[in-house]
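Please walk me through this model, part by part. I would like the chains, their domains, the contacts and the ligand surroundings explained in order.

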Amino acid sequence: MNDNKKQLRIALRNCGFINPEIIDDYISRDGYMALGKCLTEHTPEETIKEIKDSGLRGRGGGGFPTGLKWEITRKSESDQKYVVCNADEGDPGAFMDRSILEGDPHSVIEAMAICGYCIGADKGLVYIRAEYPLAIERLQIALSQAREYGLLGENIFRSGFNFDIEIRFGAGAFVCGEETALIHSMEGLRGEPTFKPPFPSVSGYLGKPTNVNNVETFANIPAILNKGAAWFSSIGTEKSKGTKVFALAGKINNVGLIEVPMGTTLREVIYEIGGGIRDGKKFKSVQTGGPSGGCLTTDFLDTPIDYDNLIDAGSMMGSGGMIVMDEDDCMVAIAKFYLEFTLEESCGKCSPCRIGNKRLHEILDKITSGRGEFQDIERLQLLSQVIKDTSLCGLGQTSPNPVLSTIANFEDEYLAHVNEGKCPAGQCKALLKYEIIEDLCTGCTLCFRNCPVGAISGERRQPHYIDQSLCIKCGVCYEKCKFNAITLS
Amino acid sequence: MDSIQSLIKDLADQHGRNRESLLPVIQGLVKREKYLSEYSMVEIAREMDIPAAEVFGTATFYSFLETKPAGKYIIRVCKTITCSMKGKNQLLFAIQDMLKINVGETTPDKRFTLLETNCLGWCHKAPAILINDEVYTEVTPEKIREILTGYMKENI
Ligand SMILES: Cc1cc2nc3c(=O)[nH]c(=O)nc-3n(C[C@H](O)[C@H](O)[C@H](O)COP(=O)(O)O)c2cc1C
Ligand code: SF4
Ligand code: SF4
Ligand code: FES
């Protein structure tokens, strides 16, 4: 991705600039300096204060103040504590954490050791999803090099501090990104969330105080300690400090990772950094926050992006995936898509999420297949509210967001589906109709020969005809016809 | 002791026999055997002194722990939003057409299993697929034919 004046690399400071398989590369760019300084010159309290002053908030989605979390875990009395790195990144459209682990694994290792020193833990665990084989390999190499250099293990920097890190692998369950589920998965149980409190900081892995942070959160730590809290907190907005990495995907010219100061507007991200919409199409919406987030419209293009503004706009920061949609995308179908994801990934423990989302999906399916009625929109809204209010974990509590935000911002599209039986974007197949324009049809029989279900009939050199009851709307005839005689309505 | 039993014993020696070692042991077994048979589950339960029902309950929670026989190469096609917007269906058709199997099935020669999965974190290079531990991105129907032909040439 093009580097652009608008971008500022903190979490991605080394990605692409060092060979991630060579520890000396990392060290030559001030790597492990922050750890050395903490261990030899600063008390844990001083270090925690620095993180608190920096204003860093968790990048895993929730935005909880990182320094405060460390302080709570430090104050939880126990003979054993753990540092956990959440690398289970599963939000559709998100690949920040993968890129950091692949491009700069030592920054995460260094930060976990600093965290261990601060909270009083000598053991770290990285929970990484199995879908990331290269990140796993790079992390393994980095861990063994750090051990070789004495940066992990016993008596690090001759300070008497011991710390080592173990890798645990996910096995294809999105809900394991939720911290209590992640901990249960590491305990060898089904990855089902449990009620909070107690928070992991008080009772986590094996019942011991456990500090869980996201990959990108950790990657910020060494930079903050090297350059100071004042520097970090000078970047960003009032309540969201520093930068955020976003993963741009979808109908945008420049796809890939970007890192921008908090408070950058969507317009800057999409048009200046992202290079605008592909094929000169019109921007319709950008989805942030994955299945927990919502769709933002042109109305929000000039809103500064930070945790609070996105929530006010009916979406959320989430982990930083941004999927850009253009005029060809049907927002009802998009909402249905996210619901499909949630349905599959719901752990099934509580009924609002397990059954409620199923019902939401059924209603959306009804609407996209042309059987929707006006009252369905209200049903969706009502049921969504119940699911949000009564689900156990963050997955269920946020799963209706894509539905609610598309209704709020694109009600006209819902209305077109239920009232007129039309899909304005031309995406919902059941609402489409392929027809042959008699005047243009030469009777060449090409469509007749290509239709997979024999829905087309007609004599050679006579206008052909499509039997709507047989047509499966595959679009083959539309593509094959050389005379533009087939229309889509 | 048969080969499964000794594999399980080795894995338990390596990872431990506590409950928190259960997933690493199962994952080690699936890596070698491609799937977890009922027999393997019972043997893991015996070796680690965990009720077999618990082993089953835990394993079946995770989509990457196959409990049905699987082929040597497991193809996982991303079906999530960006890949769907960028031609995942055509890709899937090409694979089905070439291997003559549907999603969830294994070729009769036990070489390929075809599955769908959720976002692989390569959305900017969609569509993406995973074949065992190898990621392929921006896969077109032409490209997948080449890739699969490559795998077919490898010895079983
Ligand atoms: C359904 C669900 C999925 C989540 N997935 C992730 C994830 O993939 N990565 C992550 O870091 N946090 C994820 N979280 C948030 C974690 O529960 C937790 O808040 C986070 O790891 C804390 O780290 P942070 O304070 O550094 O953000 C998820 C939460 C929910 C409810
Ligand atoms: S809200 Fe959904 S994912 Fe969360 S515990 Fe309930 S069923 Fe499981
Ligand atoms: S859209 Fe497909 S099924 Fe329908 S008439 Fe054309 S070729 Fe036949
Ligand atoms: S949607 Fe397919 S890799 Fe992300």
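What distance separates the centres of domain 1 of chain B and domain 2 of chain B, taken over C-alpha atoms? The separation of these two centres is 29 Å. The structure is a predicted model, and the values that follow are computed from it. In the domain assignment of chain B, domain 1 covers 3-59 and domain 2 covers 73-153.

The C-alpha trace of chain B spans about 50 × 30 × 25 Å along its principal axes. Chain B contains seven helices and four strands. Followed along the sequence, these elements of chain B give the pattern α-α-α-α-β-α-α-β-β-β-α.

One helix pair in chain B can be described in detail. Helix H1 (residues 3-15) of chain B packs against helix H2 (residues 22-33) of chain B at an angle of about 140°, and their axes are 9 Å apart. An angle over 145 degrees would count as roughly antiparallel, so at this value H1(B) is oblique to H2(B). The crossing of H1(B) and H2(B) is right-handed. On the H1(B) side, the residues that meet H2(B) are Leu7(B), Ile8(B), Leu11(B), Ala12(B) and His15(B). Their counterparts in H2(B) are Pro24(B), Val25(B), Gly28(B), Leu29(B) and Arg32(B). By class, the contact of H1(B) with H2(B) has seven nonpolar residues, two polar and one charged.

Next comes the contact between the chains. Chain A contributes 33 residues to it, and chain B contributes 28 residues. On the side of chain A that touches chain B, helix H8 (179-186), strand S6 (243-250) and helix H13 (331-345) of chain A each supply at least two residues. S6(A) has the largest share of that side, with four residues. The side of chain A that touches chain B divides into 19 nonpolar, eight polar and six charged residues.

Chain A itself is divided into domain 1 (23-232), domain 2 (243-326), domain 3 (331-420) and domain 4 (433-488). For domain 1 of chain A and domain 3 of chain A, the C-alpha centres lie 35 Å apart. Their contact takes nine residues from domain 1 of chain A and eight residues from domain 3 of chain A. The side of domain 1 of chain A that touches domain 3 of chain A is made of six nonpolar residues, one polar and two charged.

Domain 1 (23-232) and domain 3 (331-420) of chain A each provide at least three residues of the shell around ligand 1. There are 22 residues around ligand 1, and Gly58(A), Gly60(A), Gly177(A), Asn214(A) and Gly394(A) come nearest. Strand S5 (210-214) and helix H16 (394-398) of chain A are the elements that give two or more residues to this shell. S5(A) gives the most to the shell around ligand 1, namely three residues. By class, the shell around ligand 1 has twelve polar, five nonpolar and five charged residues.

Ligand 2 has 14 residues around it, of which Cys347(A), Cys350(A), Cys353(A), Cys393(A) and Gly396(A) come nearest. Here the elements that give two or more residues to the shell are helix H14 (351-368) and H16 of chain A. The shell around ligand 2 divides into eight nonpolar, four polar and two charged residues.

Definitions and conventions:
Residues numbered from 1 in each chain as written. Chains lettered and ligands numbered in written order. Predicted model: local features only at pLDDT ≥ 70, side-chain atom pairs only at ≥ 80, totals over all residues. Near = placed C-beta within 6 Å. Nonpolar A, V, L, I, M, F, W, Y, C, P; charged D, E, K, R; others polar. Domains from an automatic or database assignment. Contact = placed C-beta atoms within 7 Å. Axes fitted to C-alpha atoms, helices over the stretch in contact; angles between N-to-C directions. Parallel < 35°, antiparallel > 145°, perpendicular 65-115°, else oblique. Left-handed = near helix turned anticlockwise from the far one by under 90°.
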